[in-house]
Amino acid sequence: MEVINLGVTDYNKALDLQREYIQSVQSGRSFGRLILLQHSPVITIGRNGSKENILASEKILKEKNIEVFEVDRGGDVTLHCPGQLVGYPIINLAMNGKDVHKYIRNLEEVFIKLLKDYNITGKRIKGKTGVWVRAASGKADQKIVSIGIGVKHWVTFHGFAFNVNADISYFSLINPCGMKNLEMVSLSKILGREIDFFEVREQVVKYFAEIFGIKTINGFPEWIKRKATYNHNFKKVNSIIEEFKLNTVCESAMCPNINECFSNGTATFMILGNICTRSCKFCNISHGTALPPDKEEPERIASAVKKLNLKYVIITSVTRDDLPDGGVEHFVNTIKKIRSLNPNIIIEVLIPDFKGNKESIESVVRAKPDVISHNLETVPRLYSEVRPLASYSRSLELLKTVKDFNNNINTKSGIMLGLGETKEEVLELMKDLRKVNCDYFTIGQYLRPNKECLPVKEFIPPSEFEKYKIIGLEIMNFKSVNSAPFVRSSYRSYNG
Ligand code: SF4
């Protein structure tokens, strides 16, 4: 059974996804799927529910940006919010005994077992669905997991909502499950600390597999699956790269866009070899001891650019902490050679941080590329895990330094989502970029290039990328924001 780990997802998008998966399970194309995600605050009313159990006025709900959905599941009113693990198992009960009650009891069992790992006694209450925990003596039990399911031709949908780090105060807006005075609780509230959400999610999957007696694998949402299509240009670009003995980040980083970009006659050249002196945990490029710079490489790149008839070229490099100048001279030579052979070309350089060396940064600026790009890659909290030898503040300072030296050069930065960052952290990062006058911003989905790299924590739905784009353009005033799952910092840069 495939487990699809998504990030914060709009409620209606999750409904669409469930409908799609129900069809594939009903038709036998898929054995079953377990969708795990979080929702922005949203209230749902089940088949047995009533609007009377929403205590907040429409005005308050509007102010808090909380939508209300009437949905086709059992149960009354409930609420979803970030920090709550929502699971939608799409399972064919016809292959599992056609027993809806047993299915619900099994779902409850997943959490009763999991809570035991935290020395918490989870319990059922007769005649009600969900999982409760014993409150201090004299007080009513508190609900920690809500369950409300739908079944269509024996295929299940909707599912469970487990309060991990959820802000319980949201539940004061409703009578949860239609029960007055029902107290909700979260794992973090019981334990008095923030819980590692992704760790708990893994435990849920583990007990789900154990109790339902199934094997699970991590799957990809449909928007990450692409058919490999390419045209005659692919071969042409490849043969020019080979002819001039060049490296591209497209190949070295196993970029998922390689078919498209090569077919469009473009590639991003990677100078200074193909061995990096750093060991970022998201990157496919080999790490180790690098060779001295190849003095002929700038000339060959310029010739390849001419032969490819590029109007826009991006030059990047591995990080060369072993070289006294970080490889800046090689960058400068490459820019000069490209310009002299291709006078009208637009040149973008995607540079390493040169350990923050201002002289090196100034040298690149003086070579006058049109765009200087430097990727932040992820939010500062995740740097030690994702980019252990880099520094968030140093990277920001680099972008600022470029502008200090020459305000006319456009700067650009990019990040990957799906490494465990929160939306708030992404928005803070975007603000940080605007504070240093960064002009262009790119956001894409992190995809694990090999088993040594960090796993994908969650797949961010395309609609969330679209929201970042709108915020970036309309509120933060970036000159351009390229935001979609397959965006990489060099993706379709020629489009501006
Ligand atoms: S997105 Fe960039 S790195 Fe990826 S294939 Fe295209 S040009 Fe190469």
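1. A friendly place to start is L429, which touches L376, T378, V379, Y392, I415 and F441, leaving aside residues up to four places away in sequence. Please keep in mind while reading that this is a predicted model. L429 lies in helix α14, which covers residues 423–435. With a relative accessible area of 0%, L429 is buried. One of its contacts, V379, shows how the fold brings separate parts of the chain together: L429 and V379 are 50 residues apart in sequence, yet their C-alpha atoms are 6.4 Å apart in space.

2. Next, have a look at the sheet. Its 8 strands follow the order β7-β8-β9-β10-β6-β2-β1-β11, and the sheet is open with mixed pairing. At the edges stand β7 (122–123) and β11 (217–218); each has a single partner strand, so one side of each is left without a neighbour in the sheet.

3. Strand β2 (residues 32–38) runs antiparallel to strand β6 (residues 84–91), and the two are joined over 6 bridges.

4. Helix α3 (residues 100–116) lies across β6, β7, β8 (131–133), β9 (142–152) and β10 (155–163), and it runs at about 150° to β9. Helix α5 (residues 197–212) also packs on the sheet, where it touches β1 (2–8), β2, β6 and β10. The direction of α5 makes about 30° with that of β6.

5. Now to the ligand. Which residues are around it? They are V249, C250, C255, N257, I258, C261, T268, R488, S490 and Y491. Helices α7 (249–252) and α8 (258–263) each supply at least two residues of this shell. Sorted by class, the shell has 6 nonpolar, 3 polar and 1 charged residues.

6. Finally, a word on the cysteines: how many disulfides does the structure hold? The number is 0. For C438, the closest cysteine sulfur belongs to C280 and is 19 Å away, too far for a bond. C453 has its closest cysteine sulfur in C283, at 6.9 Å, and this is also too far for a bond. A disulfide would need the two sulfur atoms to be within 2.5 Å. Are these two cysteines buried or exposed? C438 counts as buried because its relative accessibility is 0%, and C453, at 6%, counts as buried too.

Note on methods:
Residues are numbered from 1 along each chain as its sequence is written. This is a predicted model: local features need pLDDT of at least 70, side-chain atom pairs count only at pLDDT 80 or more; totals for chains, interfaces and linings use all residues. Side-chain values use heavy atoms; hydrogens and water are left out. Buried means under 20% relative accessible area, exposed over 50%, partly exposed in between (1.4 Å probe, protein chains only). A residue is near a molecule or strand if one of its heavy atoms lies within 4 Å of it. Helices (H or I, at least four residues) and strands (E, at least two) are DSSP runs, numbered from the N terminus. Ala, Val, Leu, Ile, Met, Phe, Trp, Tyr, Cys and Pro count as nonpolar, Asp, Glu, Lys and Arg as charged, and the others, Gly among them, as polar. Two strands pair if DSSP finds at least two bridges between them. Contact means heavy atoms within 4.5 Å. Axes are lines fitted to C-alpha atoms, for helices over the stretch in contact, and angles run from 0 to 180 degrees between N-to-C directions.
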